[in-house]
Amino acid sequence: MTSPVTLDDLVAGFRETGLKSGDVVLSHSAMRTFGPIEGGADAVIDALLTVIGSRGTLVVPTFTFAHEAEDDPVIDPGNDRSEMGIITETARKRPDALRSTAFRHGFAAIGRRATVITDIDPSLSAFDLRSSFGVMLGLDTQVLLLGVTYSSSTSHHFAELVCDVPYRQCIPRQVKVRQADDSLIEQNMTDYQPKSEGSSYYGSRGPDFNRLGRMLEDRGDVGRTFIGNAAVRRFPMRALVDLAQVEAEKDFNIFRTDVGKAGEFTELDFGQCTMSPAFSDGAGRPNRVQWCVQDLDQLTLPGGEAAPK
């Protein structure tokens, strides 16, 4: 049986990727990919906070898609559950965590820069240059992928907005926001969505964020290691945005598959990749996540069966 991942293993692994004291880090994660962890999700969070120290900031996506299916959405930053995995939900619930107010793309942050990252104008899209992502770009944020591939990197959507790709658009949303005293206020918000209703990308293309990720790896911009069974990657958000702007000038489809190739991904040469079982998000839409591990034989699915190869 595989030995559980310890706090020391996590700290050493995060440092091996190049994460250091004082960093702002945005972490996307699939806890299952690690295998057993002593201390569970809290250990992962504690290890990240140990590595970045008192001058660093941990940010996690706490997105809530359920509001998209509501006729009269009520955004409740204090209580809306994160749909981005147990590590993000555990971080959101920590007493020292702050959370941004957004239609669906809220962030929780812990640390020195938590206020400036989360205290943003809720009328702006989360991907706006004046909003959470813009602040994180200015703070030279490091993006950390824990057992997931670039397909889970929401920073790629931010890069799409920066590159002004023609297949996505900002959409106004009228909602109510629950305040700390339980009162409700009317709020205009902005969502960033594909132009095609009901699908991730219009036509027969699909997202392929691994394309730019593979380019970053080939340039040496990505720190990589294994922690337990999880493949872990760290890259600077600014490196991604800068590269995306160069490549999008040649072809704005750099973020997408070729025509007729929806559902395919650029292959990565570090770790073994597989798709998670299908699940429904809070809005009832089917979804899958691409996982990346050292050994697929060591990855077990929620039902206890082995992962597909």
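After H1 comes Gly-18, with a positive phi near 105°. This is a predicted model. A search of the whole structure finds 23 salt bridges.

**Helix H1**
- H1 spans residues 7–16, and its buried residues are Leu-10, Val-11, Gly-13 and Phe-14.
- Seen down the axis of H1, these buried residues fall within an arc of 170°, so they line one face of the helix.
- An α-helix has 3.6 residues a turn, so residues three or four places apart point the same way.
- Asp-8 and Glu-16 are exposed, on the face of H1 turned away from its buried side.
- The cover over the buried residues of H1 includes helix H2 (40–52), strand E6 (142–146) and strand E9 (223–227).

**Salt bridges**
- Arg-104 pairs with Glu-68 in a salt bridge, with the closest N and O atoms 3.3 Å apart.
- Arg-104 lies in the loop between strands E4 and E5, and Glu-68 in the loop between strands E2 and E3, so the pair ties together parts 36 residues apart in sequence.
- Arg-104 has 8% relative accessibility, so it counts as buried.
- A network of salt bridges links Glu-68, Arg-104, Arg-173, Asp-191, Asp-281 and Arg-285.
- Arg-130 and Asp-128 form a salt bridge at 2.9 Å, N to O.
- Arg-130 is exposed at 59% relative accessibility, whereas Asp-128 is buried at 16%.

**Asn-253**
- Asn-253 sits in the loop between helix H8 (237–250) and strand E11 (272–275).
- Asn-253 counts as buried, at 9% relative accessibility.
- Beyond its neighbours within four places in sequence, Asn-253 is in contact with Arg-205 and Arg-211.

Conventions
Residues numbered from 1 in each chain as written. Predicted model: local features only at pLDDT ≥ 70, side-chain atom pairs only at ≥ 80, totals over all residues. Heavy atoms only, no water. Buried < 20%, exposed > 50% of the residue type's maximum accessible area, 1.4 Å probe, protein only. Helix = DSSP H or I, 4+ residues; strand = E, 2+ residues; numbered from the N terminus. Arc of directions from axis to C-beta. Contact = heavy atoms within 4.5 Å. Salt bridge = Lys/Arg side-chain N within 4 Å of Asp/Glu carboxyl O.
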